[in-house]
Amino acid sequence: MPSNLSQSRDPRQTIILPTEREASSIPRGDIDGNWEYPSPQQMYNAMLRKGYDDTPEDAVESMVAVHNFLNEGAWAEIVDWERRFSRGLGYGWRACRRGEEGFREDVEIIASSRDIAAPKLLRFQGRPNEMTPKARILDFMGRMYPAKFGWEPPFDRHDWYVQRRTADGQTKEIRYVIDYYSAPPEPTGEPVFYLDVRPAVDGPTAAVERILRWGGDFWHRASGAKAREMATA
């Protein structure tokens with residue numbers, strides 16, 4: 001999404017790559033408007049700059065499409081977190097106490113969440129060579145118990161810095177961490193990806209947010225609350 005990537009054709013190129021950029025759905029926190037994704041030419045130049053000299057030129061446009069798709073998915077996950085917690089932990093608990101499915105079915109929560117100010121992306125940082133603590137733990141468990149936790153480590157990691165507007169109208173910077181995983185392809189051969197998006201534990205509030213969301217969903221299912229709700233419906 002950086003705008004300072006070169007649009008110039010590399011002397012080694014054998015095909016012409018498009019230079020048009022696609023607008024994302026991600027609002028910017030520094031100026032009005034949304035972030036723009038890199039063009040295929042910019043993506044190719046960035047790959048060369050990072051030392052990936054064997055990048056197939058005819059695959060770059062597909063790479064850009066996947067890149068944009070994953071970023072849109074990551075932003076949707078961040079917005080989902082912000083809908084729960086931008087109004088504080090009390091509201092967050094009410095949003096999480098019935099689990100993931102209950103959150104999407106709660107008419108009152110859905111109605112009130114429409115009034116929440118949309119978050120904005122301030123900046124981002126790629127850190128592919130630095131595994132998050134959670135990814136390291138999962139990688140260790142996969143090595144120890146491959147039958148149960150046998151999955152590949154993430155192929156990429158991003159840190160996104162998001163502007164949250166709180167209930168009192170103040171703004172606050174929240175860091176989110178994103179682990180990008182590859183999954184087995186579809187029978188048709190289409191690639192499958194999995195994103196693990198959560199607020200970074202930069203303080204006690206983020207830790208509580210993670211506990212409320214994941215713990216609320218686990219307890220709602222494990223306690224049989226869903227079954228009881230269906231029985232009384």
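User: Say two strands count as paired when DSSP finds at least two bridges between them. How many bridges join β3 to β4?

Analyst: Quick note first: this is a predicted model, where local features need pLDDT of at least 70 and side-chain atom pairs count only at pLDDT 80 or more, while totals for chains, interfaces and linings use all residues. Numbering runs from 1 along each chain as its sequence is written, and side-chain values use heavy atoms, with hydrogens and water left out. Helices (H or I, at least four residues) and strands (E, at least two) are DSSP runs, numbered from the N terminus. β3 and β4 (residues 156-165) run antiparallel, and the number of bridges joining them is six.

User: How far does α8 reach from its first C-alpha to its last?

Analyst: The expected span of a helix is 1.5 Å times one less than its number of residues. α8 (residues 204-222) has 19 residues, for which 27 Å is expected. The model comes close to that, at 26 Å.

User: Which residues of α8 are buried?

Analyst: Buried means under 20% relative accessible area, exposed over 50% and partly exposed in between (1.4 Å probe, protein chains only). An α-helix has 3.6 residues a turn, so residues three or four places apart point the same way. In α8 the buried ones are Ala206, Glu209, Arg210, Leu212, Arg213, Gly216, Asp217 and His220.

User: How many residues apart in sequence are the parts tied together by Trp35 and Phe124?

Analyst: Phe, Tyr and Trp rings (for Trp, the six-membered ring) pair if their centres lie within 6.5 Å; planes under 30 degrees apart are stacked, over 60 edge-to-face, the rest tilted. Trp35 and Phe124 are edge-to-face, 5.4 Å centre to centre with 70° between the planes. Trp35 is buried at 7% relative accessible area, whereas Phe124 is partly exposed at 26%. Trp35 is in β2 (residues 34-36) and Phe124 is in β3, so the pair ties together parts whose separation in residues is 89.

User: Is the Tyr181–Tyr194 pair stacked, edge-to-face or tilted?

Analyst: Tyr181 belongs to β5 and Tyr194 to β6, 13 residues apart. Tyr181 is buried at 3%, and Tyr194 is partly exposed at 41%. The ring centres are 5.8 Å apart and the planes lie at 35°, so the pair is tilted.

User: Which charged residue lies over the face of Trp214?

Analyst: A charge sits over a ring if NZ of Lys or CZ of Arg is within 6 Å of the ring centre and within 35 degrees of the ring normal. Trp214 also belongs to a cluster with Trp81 and Phe85, linked by ring pairs. At 4.6 Å from the ring centre of Trp214, the residue is Lys134.
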